Amino acid sequence: MNALFDQPIERRGTGCAKWSRYDEDVLPMWVADMDFAAPPPVIEALRERLEHPVLGYARPQARLFRAIQDYLADAYGWIVEREAIVFLPGVEPGFNMALKGLLAPGDGVVLENPVYAPLLAAPAHWGLRRQDVDLISAEQGWFSDIPKLEAALDDAAALLLCNPQNPTGKSYTREELERIASLCVQRDVVVIADEIHCDLVLDGRAHTPIASLGPEIASRSVTLMSASKTYNVAGMKAAFAIIPSPVVRERFQASRLGMVDSVNALGLEVALAAYTQCSEWRQKLTAYLAENRDHLATRLAREIPDIVLRPAEASFLAWLDCSALALDGSPQAFFLENARVGLSSGADFGVAYGNYVRLNYGCPRALLDEGIDRMVSSLLRR
Ligand SMILES: Cc1ncc(COP(=O)(O)O)c(C=O)c1O
């Protein structure tokens, strides 16, 4: 029994988005939110903050800037000036601000597909031209299609990169990122890097922030991070951008336009505790997630071999190719109706992915097994 992660926690009735979207009999395995308790030091930090009864507008304190600088230096060898860190209520507002502030209507934005739906949706909010380039699926995982990426970047002003990648779980290697960074530098393309899943790389891999590769790429970059995915505190609404160039930063800040507010007072406390006191918890979490990933892969290979699953290198999301099941409708609709499992629909992640579903395995193993059992029996019954 894993004391931190094996125990299912009842989340219904807490206003939880994940468990209130579907009927009561549906097991939700969709949104990127884990069914684990936040780390004990995070809960303790919230308790302590609530000892003080005034909850007015908050500003990040010097010790939080310091904590993030130290964490970036320790985890990635990335030295960042305090001024480069800009706090935000979320990563999604961050990539939208970057697109709005750094590009002009009609500019091209390149995205490797499949990718997180709000990233796909963002260019259209600002009159930008989206250029999709499909990742290549291979036995070992997912890879950039470099010739196509190059061609798309020739006609673009920005690359919207998701690393680690949602939904494939790809963690770009340093070499891959060096290649991509040099393509962007050569073409004077801005890189907006959504790195929200960065602390969830599995199997002892190292995450590399693309902007940490050198001053040329740093000066044209906006990197977005948050404690929200790793420590399962997405509802606390605290994220940050790292923008080394003062010029880029000014344009980014100018795009708040009265729509992007300051950060939640409690979210800032959570971030401080997460970055200073939870590294052991995080190591235990990534070990548990890797076991869940392997358990899922083993069971699917044995019990639903028609589902194709590439090995994930990060996070808690499995990207399942259900094409060979030859279902009548979308696999998301099939499993919702027949298995009572709520998965994310592949079509949301790119036009070519209607035969995929995304399954969130950030849950106690018993729940994961329940989800797999339901999927297996729904297929036996059909
Ligand atoms: C890649 C990616 N970016 C951004 C977000 C959302 O971040 P936030 O809640 O901070 O806006 C998610 C949430 O699932 C995500 O997976």
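Predicted model: local features only at pLDDT ≥ 70, side-chain atom pairs only at ≥ 80, totals over all residues.
Modeller: Residues are numbered from 1 along each chain as its sequence is written, and side-chain values use heavy atoms, with hydrogens and water left out.

Biologist: What is the volume of the largest pocket?

Modeller: A pocket is an open set of points on a 1 Å grid over the protein atoms alone, where a 1.4 Å probe fits, with protein on both sides within 12 Å along at least five of seven lines. Grid points are joined across faces, edges and corners, and the volume is the space filled by probe spheres set on the points. For the largest pocket this gives about 710 Å³.

Biologist: Which residues lining the largest pocket are the closest to its centre?

Modeller: Lining residues have an atom within 4 Å of a point. The largest pocket has 37 of them, and the closest to its centre are Val31, Ala32, Glu92, Tyr116 and Lys229.

Biologist: Which helix gives the most to the lining of the second largest pocket?

Modeller: This pocket has a volume of about 430 Å³. Helices are DSSP runs (H or I, at least four residues), numbered from the N terminus, as are strands (E, at least two). With three residues, the one that gives the most is helix α2 (residues 40-50).

Biologist: Which strands stand at the edges of the open sheet of four strands?

Modeller: The order in this sheet is β11-β12-β15-β14, with antiparallel pairing; two strands pair if DSSP finds at least two bridges between them. Two strands have a single partner each, so one side of each is left without a neighbour in the sheet: β11 (308-309) and β14 (344-345).

Biologist: Which residue in β15 is the bridge partner of serine 344?

Modeller: β14 and β15 (residues 356-360) pair in the antiparallel sense over two bridges. In β15, the partner of serine 344 is arginine 358.

Biologist: Is serine 378 buried or exposed?

Modeller: Serine 378 lies in helix α13 (residues 365-381). Buried means under 20% relative accessible area, exposed over 50%, and partly exposed in between (1.4 Å probe, protein chains only). At 2% relative accessibility, serine 378 counts as buried.
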